[in-house]
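I opened my notebook to look up a few things in this protein. I wanted to go from single residues to the whole fold and back.

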Amino acid sequence: MEDSLNKVAWPVATERLCLRRLESEDLEATWRYRQLPEVTEWITAAPATFGEYREHFLSEGRIHRDVAVEIAGDDGNKVLIGTVMLKVHDGWGQEEILDQTRLVEAEIGWSFDPAYGGKGYATEAVRAVLELGFGALGLRRVVAESFAANDPSWKLMERVGMRRESYNLRNGLHRSGEWMDGVVYAMLADEWGELVTA
């Protein structure tokens with residue numbers, strides 16, 4: 001798998017955050033909040049034990065697609081408060097021009113420690129990762145999906161300027177056993193450009 005995030009000059013600073021590559025040493029810091037019921041309710045994979053989580057974290061290629069989001073703690077040390085995934089992939093195209101579809105699209109997703117919620121950190125981090133995607137990585141399209149019942153997630157998609165492309169009836173199986181409705185949001189590079197120059 002190509003490590004597209006290598007094209008970015010890390011770390012990246014925003015007004016309040018430091019974004020950097022996720023590292024294997026972030027295992028325990030991410031487990032701290034990813035094991036919480038209010039987080040596992042919506043994330044794609046929720047291993048039950050630390051051992052299972054370690055295996056998932058190290059084998060799923062997170063280091064190549066996830067960005068660590070940090071703030072300065074009370075003691076001045078950086079505290080990891082969440083991650084933003086930017087999973088870069090090829091677009092769809094007809095066979096004769098497939099070379100033009102290479103690594104031009106991405107899926108974006110996130111998980112944040114709820115202890116730091118309500119301060120706008122997730123919005124700031126996702127905007128910064130979108131800027132990297134449409135800037136340094138030269139993407140043409142970014143997509144985000146969630147269960148429709150996950151209001152905080154799709155509301156964040158709207159806050160950063162993504163537009164709803166579809167509402168799908170009972171298209172995703174939740175770990176509760178219920179088939180739930182889903183939403184798909186997206187943004188094109190020119191839409192991002194209009195947003196940041198407005």
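This is a predicted model: local features need pLDDT of at least 70, side-chain atom pairs count only at pLDDT 80 or more; totals for chains, interfaces and linings use all residues.

Residues are numbered from 1 along each chain as its sequence is written, and side-chain values use heavy atoms, with hydrogens and water left out.

**Entry 1**

I looked up Leu-103. Its phi is near 50°, a positive value in a residue other than glycine. Leu-103 sits in the loop between S4 and S5. Here strands (E, at least two residues) and helices (H or I, at least four) are DSSP runs, numbered from the N terminus. Is Leu-103 buried or exposed? Its relative accessibility is 16%, so Leu-103 counts as buried.

Arg-170 also has a positive phi, near 40°, and is not glycine. I found Arg-170 in strand S7, residues 163-173. Its relative accessibility is 58%, so Arg-170 counts as exposed.

Then I checked a peptide bond. The one from Trp-10 to Pro-11 is cis, with omega near -5°. Pro-11 belongs to the segment before strand S1 (12-13).

**Entry 1: the whole protein**

I counted elements next. The protein has six helices and eight strands. From the N terminus on, they run β-β-α-α-α-β-β-β-α-β-α-β-β-α. The radius of gyration is 17 Å, close to the 16 Å that the globule rule gives for 198 residues, so the protein is as compact as a globular protein of that length. For the record, this radius is taken over C-alpha atoms, and the rule is 2.2 Å times the number of residues to the power 0.38. Along the principal axes, the C-alpha atoms fill a box of roughly 50 × 40 × 35 Å.

How much of the protein is buried? I noted 46% of the 198 residues. I then turned to contacts, meaning heavy atoms within 4.5 Å. Of the contacts with a separation of 6 or more, 61% are between residues 24 or more positions apart.

**Entry 2: the cores**

In soluble globular proteins, nonpolar side chains tend to be buried together. A nonpolar core is a set of buried Ala, Val, Leu, Ile, Met, Phe, Trp, Tyr and Cys residues joined through side-chain atoms within 4.5 Å. The largest one here has 39 residues. Val-84, Leu-86, Ile-108, Trp-110 and Met-162 have the most contacts inside it. Which element supplies the largest share of this core? H4 does, with eight residues.

I followed Val-84 further. Beyond its neighbours within four places in sequence, Val-84 touches residues including Val-67, Ile-108, Trp-110, Ala-125 and Val-129. A second, separate core has eight residues, among them Leu-22, Tyr-53, Phe-57 and Ala-68.

**Entry 3: Met-157**

I found Met-157 in helix H5, residues 151-159. At 1% relative accessibility, Met-157 counts as buried. Which residues does Met-157 contact, leaving aside its neighbours within four places in sequence? I listed Trp-110, Ala-144, Glu-145, Ser-146, Met-162 and Tyr-185. Leu-5 is 152 residues from Met-157 in sequence, and their C-alpha atoms are 21 Å apart.

Helix H1 covers residues 27-34, and Leu-27, Thr-30, Trp-31, Tyr-33 and Arg-34 are buried in it. What do these buried residues pack against? I noted helix H2 (37-40), helix H3 (50-59), S4 and S5. Ala-29 also lies in helix H1. At 21% relative accessibility, Ala-29 counts as partly exposed.

I then moved to Asp-113, in the loop between S5 and H4. At 8% relative accessibility, Asp-113 counts as buried. Apart from its neighbours within four places in sequence, Asp-113 contacts Arg-32, Tyr-33, Leu-36 and Ile-81. Ala-29 and Asp-113 are 84 residues apart in sequence, yet 9.8 Å apart in space, C-alpha to C-alpha.

Conventions: Buried means under 20% relative accessible area, exposed over 50%, partly exposed in between (1.4 Å probe, protein chains only).
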